[in-house]
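The sequence and the coordinates are shown below.

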Amino acid sequence: MMETVPALREPHDDISTYSSNSVTRIVEGANHGSILGSEQYARQVGDAILDLIEAVETGEPLAQ
């Protein structure tokens with residue numbers, strides 16, 4: 001995992017414990033606003049969502 005802002009590290013770690021099938025992906029350089037305006041960031045977020053959908057549909061764990 002890439003380094004995150006220290007104040008965000010604990011919440012990310014806490015959220016990752018909510019499920020035994022989870023992956024945290026950090027899109028370096030992106031923020032909530034930039035994923036709307038940057039095709040590069042939007043593609044990475046979209047790919048993560050598609051991976052999640054595939055895991056749910058197949059019952060397979062998310063790829064680490």
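## Secondary structure and basis of the model

The chain contains 3 helices and 0 strands, where helices (H or I, at least four residues) and strands (E, at least two) are DSSP runs numbered from the N terminus. Along the sequence, the pattern reads α-α-α.

The model is predicted: local features need pLDDT of at least 70, side-chain atom pairs count only at pLDDT 80 or more, and totals for chains, interfaces and linings use all residues. Residues are numbered from 1 along each chain as its sequence is written, and side-chain values use heavy atoms, with hydrogens and water left out.

## Confidence

The predictor's confidence in each residue is expressed as pLDDT, from 0 to 100. The chain has a mean pLDDT of 84, with 89% of its residues at 70 or more. Confidence is lowest in α1, where the mean is 75, and highest in α3, where it is 93. Where pLDDT is low, the predicted coordinates should not be read in detail.

## Helix α3

Gly 59 follows α3 and has a positive phi, near 80°.

Ala 42 is one of the residues in helix α3. Its relative accessible area is 33%, so Ala 42 is partly exposed; buried means under 20% relative accessible area, exposed over 50%, and partly exposed in between (1.4 Å probe, protein chains only). Between the C-alpha atoms of Ala 42 and Ala 30, which are 12 residues apart along the chain, the separation is 9.2 Å.

## Salt bridges

How many salt bridges does a search of the whole structure find? The search finds 2, a salt bridge being a side-chain nitrogen of Lys or Arg within 4 Å of a carboxyl oxygen of Asp or Glu. Side chains of opposite charge can pair when their charged atoms come close.

Arg 25 is partly exposed because its relative accessible area is 38%, and Asp 51 counts as partly exposed at 32%.

Another salt bridge is formed by Glu 39 and Arg 43, at 2.6 Å from N to O. Both residues lie in helix α3, 4 residues apart, about one turn of the helix. An α-helix has 3.6 residues a turn, so residues three or four places apart point the same way. Glu 39 has a relative accessible area of 58% and is therefore exposed.

## Burial and surface

Of the 64 residues in the chain, 11% are buried. The chain exposes about 5300 Å², of which carbon and sulfur atoms supply 56%; accessible areas come from the Shrake-Rupley method with a 1.4 Å probe, and for residues only the protein chains shown count as cover.

Ile 49, Leu 50 and Ile 53 make a nonpolar surface patch of about 280 Å². Patches are made of residues with over 30% relative accessible area and no salt bridge, with like charges joined within 9 Å and nonpolar side chains (Val, Leu, Ile, Met, Phe, Trp, Tyr) within 5 Å. Ile 49 lies in helix α3 and counts as partly exposed at 47% relative accessibility.

## Contacts along the chain

Contact means heavy atoms within 4.5 Å. Among the contacts in the chain with a separation of 6 or more, 35% are between residues 24 or more positions apart.

Ser 34, in helix α2, counts as buried because its relative accessibility is 19%. Not counting residues up to four places away in sequence, Ser 34 touches Gly 29 and Tyr 41.

Ala 63 is placed in the segment after α3 and counts as exposed at 57% relative accessibility. With residues up to four places away in sequence not counted, Ala 63 touches Val 23 and Arg 25. Ala 63 and Asn 21 are 42 residues apart in sequence, with 9.3 Å from C-alpha to C-alpha.
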